[in-house]
Amino acid sequence: GKALFKAPIGRSFDDFKKESEHHGWPSFRDEEVVWENVRCLHDGETVSMDGTHLGHNLPDTSGNRYCINLVSVAGYPMNSTSIIKH
């Protein structure tokens, strides 16, 4: 898969985890979005450049906050050599 988010950037892992747990979803900020692979639609829906629904932008007093469905942030890099076989 393609990288969609890289976190934490500009904050500690504890801060990232605390915010995500508080809202119930992994929550990413602008600097943590890989914009080459992600876009935010006019209605706040956040999607991959391939069109997959990822979640929504729910801004708060700290700025944009992208709440992302867990299934959208799991996976292996495209060049991964460790593929799980079932």
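Modeller: The buried residues of helix 1 are Phe16, Glu19 and Ser20. They sit on the same side of helix 1, because the arc they cover around the axis is only 95°. Buried here means under 20% relative accessible area, exposed means over 50%, and partly exposed is in between (1.4 Å probe, protein chains only). The arc is taken from the directions that run from the helix axis to the C-beta atoms. Helices (H or I, at least four residues) and strands (E, at least two) are DSSP runs, numbered from the N terminus.

This is a predicted model, in which local features need pLDDT of at least 70 and side-chain atom pairs count only at pLDDT 80 or more, while totals for chains, interfaces and linings use all residues. Residues are numbered from 1 along each chain as its sequence is written, and side-chain values use heavy atoms, with hydrogens and water left out.

On the face turned away from the buried side, helix 1 carries the exposed residues Asp14, Lys18, Glu21 and His22. The buried residues of helix 1 pack against strand 1, where contact means heavy atoms within 4.5 Å. Just after helix 1, Gly24 has a positive phi of about 85°.

Next, the charged side chains. A salt bridge is a side-chain nitrogen of Lys or Arg within 4 Å of a carboxyl oxygen of Asp or Glu. By this rule the model has seven salt bridges. One of them brings Glu19 to Arg11, at 2.7 Å from N to O, and both of these residues are buried. Arg11 also forms a salt bridge with Glu32, again with an N to O distance of 2.7 Å. Arg11 belongs to the segment before helix 1 (13–23) and Glu32 to the loop between strand 1 (27–28) and strand 2 (38–40), so this pair ties together parts that are 21 residues apart in sequence. Glu32 counts as buried at 0% relative accessibility, and Arg11 counts as buried at 19%.

A further salt bridge joins Asp60 and Arg29, whose closest N and O atoms are 2.8 Å apart. Asp60 lies in the loop between strand 4 (53–57) and strand 5 (66–68), and Arg29 in the loop between strand 1 and strand 2, so that distant parts of the chain, 31 residues apart, are linked. Asp60 is partly exposed at 29% relative accessible area, whereas Arg29 is buried at 9%. Salt bridges link Arg11, Glu19, Arg29, Glu32, Asp60 and Arg65 in a network.

Rings of Phe, Tyr and Trp (its six-membered ring) pair if their centres lie within 6.5 Å; planes under 30 degrees apart count as stacked, over 60 as edge-to-face and the rest as tilted. The count by this rule is four aromatic pairs. Phe5 and Phe28 are stacked, because their ring centres are 4.4 Å apart and their planes lie at 20°. Phe5 is in the segment before helix 1 and Phe28 in strand 1, so the pair ties together parts that are 23 residues apart in sequence. Phe5 is buried at 14% relative accessible area, and Phe28 is buried at 6%.

Phe13 and Phe16 make a tilted pair, because their ring centres are 6.2 Å apart and their planes lie at 45°. Both lie in helix 1, three residues apart, about one turn of the helix. Phe16 has a relative accessible area of 12%. Phe5, Phe13, Phe16 and Phe28 form one aromatic cluster.
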